[in-house]
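Hi everyone, thanks for coming. Let's take a few minutes to walk through this structure together.

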Amino acid sequence: MTTATTTTGTRVPDLYPTRGTSEVLTPRQDPVVWGAPDAPGPITPADLGAFERDGFLAVDQLIGEDEVAVYRDELNRLVADPAVREDERSIVEPKSQEIRSVFEVHRISEVFARLVRDERVVGRARQILGSDVYVHQSRINVKPGFGASGFYWHSDFETWHAEDGLPRMRTVSVSIALTENFDTNGGLMIMPGSHKTFLGCAGATPKDNYKKSLQMQDAGTPSDEALTSLASEYGIKLFTGRAGSATWFDCNAMHGSGDNITPFPRSNVFIVFNSVENTAVEPFAAPVRRPEFIGARDFTPVK
């Protein structure tokens, strides 16, 4: 078994091998819900059970219409700001040169920092992960109409393990809709139950892979054969919902989204919470760490 190294020199076993010569399927070695089923918080025991089973939880209205307007205005302000566009934390579409994502928005914007601290948001993360949490990654995803490209099928944990050094599957994401998510404008798709098996991908990680992968995924991409097998076993769930709805999903859920060729934009704020008991070590399958605005090294709990 391979290992990775902490900043203090401690060796950490690699429970989820990936980026080798061939694809490898590994049964999940970790809980899905780390907290007690009856732990206090915004999620009911029944919904926690559904999250355990499916790897996701949809919330019809996490934030209200007035709040959506505030966050959407802030998103539009950031995207229109020339200084934000020139910042390395902004990723642009290769063809249109429009902004695709802006990372570390909870540090760039106090408006989004307040959303991270909102108990409706961080409280759910604490419930699922059974501990205090910190923000491993935050970003706004902008999918304007008429051709914004999608995100190919992947497990986030595969990348966060290989390239950021997260040891265990103790991380959860939330995507909060700031525009309506239709079934036609490039919505999130998840394979329910796929979070129970880790798919280690084939192929070595190039140095500075993040510069390419944030525009178009390559390293860490499952094969067509593996995706066909997973989709045949688990099916595919497409998420729709009005602005203010949210989808929580496990770090190992196989997911992706299609291009948006409709006139209707799809914009979301995306927050990744990691347990303070699962802090990042050195990458398990990459020559160097990704920058801290993509994979945080500040493990301060959200309060």
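Let's start with F146, which is exposed, with a relative accessible area of 66%. Exposed here means over 50% relative accessible area, buried means under 20%, and partly exposed is in between, using a 1.4 Å probe and protein chains only. Before I go on, please keep in mind that this is a predicted model, where local features need pLDDT of at least 70, side-chain atom pairs count only at pLDDT 80 or more, and totals for chains, interfaces and linings use all residues. Residues are numbered from 1 along each chain as its sequence is written, and side-chain values use heavy atoms, with hydrogens and water left out.

You will find F146 in the loop between β7 (133–143) and β8 (151–155). Helices (H or I, at least four residues) and strands (E, at least two) are DSSP runs, numbered from the N terminus. F146 is not a glycine, yet has a positive phi of about 65°.

R19 is also not a glycine and has a positive phi of about 65°. R19 sits in the loop between β2 (11–13) and β3. Is R19 buried or exposed? R19 is buried, at a relative accessible area of 8%.

Strand β3 (residues 24–27) holds T26, and T26 counts as buried at 11% relative accessibility. Setting aside neighbours within four places in sequence, T26 is in contact (heavy atoms within 4.5 Å) with L15, Y16, P17, T197 and F198.

Now for helix α1, residues 45–54, where L48, A50, F51 and D54 are buried. Looking down the axis of α1, the buried residues fall within an arc of 160°, so they line one face of the helix. That arc is taken from the directions from the helix axis to the C-beta atoms. The other side of α1 has P45, A46 and R53 exposed. Covering the buried residues of α1 are elements including β4 (56–59), α6 (119–129), β9 (171–177) and β13 (246–250). Just after α1 comes G55, with a positive phi of about 90°.

Finally, a helix pair: α2 (residues 65–80) and α5 (residues 110–117) pack at an angle of about 135°, with axes 9 Å apart. Axes are lines fitted to C-alpha atoms, for helices over the stretch in contact, and angles run from 0 to 180 degrees between N-to-C directions. That makes α2 oblique to α5; under 35 degrees counts as roughly parallel, over 145 as roughly antiparallel, 65 to 115 as roughly perpendicular, and the rest as oblique. Their contact is made by V70, Y71, E74, L75 and L78 of α2 with V111, F112 and L115 of α5.
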